[in-house]
Amino acid sequence: MIVASFSFGAGNAAQLLRIPAYVLGALAVRVIPRSRDQWVFGCGAGVTDGALALWRQVTADGRPALWLTGSPRDDADARALGIAFARKSSLRGFWRTARARVVVVTHGFGDANRYAVAGAFTVQLWHGIPLKRIGLDSPETLRSSILPRSRVVRALLRLMYTRATRRIDLLPAASHLVRGRLESAFGLPDERVPVTGEPRTDVLTAGGVEPSADRARARIVDAVGPLPTPGSRVVLYAPTWRDGDPDPAVPTGQEWDALLAVLDACDAVLLVRSHPLGAGDYTPPRDSARVRAFGSDLVRDATPALPGLDALITDYSSMAFDAALVALPVLYFAPDAEVYARRRGFYGRYEDVAGPDLARTWAEATVQLATLLRDPAEHERRSALSRALSLRVHAFRDGGSTRRVYRAIVERAGLPAATMGAGRADAGAEGTTA
């Protein structure tokens, strides 16, 4: 069974139907005064990612902040972390977004209350370095299930998207290379896209010290249970979203047999992390302790687990750029590379990232995985490729990106001096744990 919970077509259709609500929201924020230093945070992936890193920096500096949640799980996660929160879709969520001086999101304005963002200093942290084209650079962004072939509908969606992205005041970039991609995708000028590094990856480079593989491995075991042996190698398979289309990479029964044989022979475990917006069924035909689910329902953010892995298998996911920070060997497996390139497109050539030995079938990927796990020279070769990729896309590896982004927001938004270390959030927020 294939689960595809979201597509651009359906999402854009919903955007068109929300136009009256956007108009009412725009009228409301014209008369609701914004505060001098209130912050609200939202994240499409939950209480996690770069938004959580920046939240900790902001509240440690004594600035009042509120997290806007979208589900009972988000509420529970915020409560467990002692984070002040309110539902973004509630009247309180609208009011606090409308009053906020700074709005921080990671996916889109819908991470906060989308109808009350206009007029705030808006920070779009994004959620990874783009390899596949995004935003205005991708034709998929303007696809709609309402009159899908209508040029008028596409033109209206482009206008809505462009007007929305112009509200972004700051969009941090990992490097000058990445900066160009983000400026193009969001239609922003240079000054709004500073090269600061990504807060979301500070966990991999904190203080410039190599992160602990043991701590990362412990995170993995906490999520999936004990490994078959203490020395079991761990491989993460993380395919990306197909814009609502079925996942083309689900193994056949024969491919599962060959893959399980390699995992057994190499004492390895395959963690499967399908994209939460479109997950394929990766249940092997027979029970095996060698294949474990590692989805976002178990682990919100996989980034802190990367140092505990022995290899990553992916296609077009930005996780390959994250893995490069810890020189993790990456095996690229993409059965639909040509189709995906035509429909979605890439920044640069896919081959410049994936290399010349792209696997197009599970049979090829399984052979490459066996070689990677058995041959130290092959392991080092792929690790070296990751290190080279990191030098291309990451300008900073010092764990200080969150601080740089925070300073840029304070300076550009003209915020008052902080109380420095008061650690104050918002004791009046719904669901706050005191």
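Author: Happy to! Let's take helix α10 and start with its length. Helices are DSSP runs of H or I with at least four residues, strands are runs of E with at least two, and both are numbered from the N terminus.

A word on the source before we go on. This is a predicted model, in which local features need pLDDT of at least 70 and side-chain atom pairs count only at pLDDT 80 or more, while totals for chains, interfaces and linings use all residues. Residues are numbered from 1 along each chain as its sequence is written, and side-chain values use heavy atoms, with hydrogens and water left out.

Now, which residues of α10 are buried? They are Trp256, Leu259, Leu260, Val262 and Leu263. Buried means under 20% relative accessible area, exposed means over 50%, and partly exposed is in between, using a 1.4 Å probe and protein chains only.

What do the buried residues of α10 pack against? Their partners are β9 (268-272), β11 (291-293) and α14. Contact means heavy atoms within 4.5 Å.

Let's look at that partner helix. The axes of α10 (residues 253-265) and α14 (residues 362-374) come within 10 Å and cross at roughly 5 degrees. α10 and α14 are therefore roughly parallel to each other. Axes are lines fitted to C-alpha atoms, for helices over the stretch in contact, and angles between N-to-C directions run from 0 to 180 degrees. Angles under 35 degrees count as roughly parallel, over 145 as roughly antiparallel, 65 to 115 as roughly perpendicular, and the rest as oblique.

From α10, the contact is made by Glu255, Ala258, Leu259, Val262, Leu263 and Ala265; from α14, by Trp362, Ala363, Thr366, Leu369, Ala370 and Arg374. By kind, the residues of this contact divide into nine nonpolar, one polar and two charged. Nonpolar covers Ala, Val, Leu, Ile, Met, Phe, Trp, Tyr, Cys and Pro; charged covers Asp, Glu, Lys and Arg; the others, Gly among them, are polar.

Follow the chain past the end of the helix and you reach Asp267, in the loop between α10 and β9. Asp267 has a phi near 50 degrees, a positive value in a residue other than glycine. Elsewhere, Ala327 also has a positive phi, near 55 degrees. Ala327 sits in the loop between α11 (319-324) and β13 (330-332), and at 18% relative accessibility it counts as buried.

Finally, step back to the whole protein chain. Its secondary structure comes to 16 helices and 13 strands, and buried residues make up 55% of its 434 residues. Of the contacts with a separation of 6 or more, 72% are between residues 24 or more positions apart.
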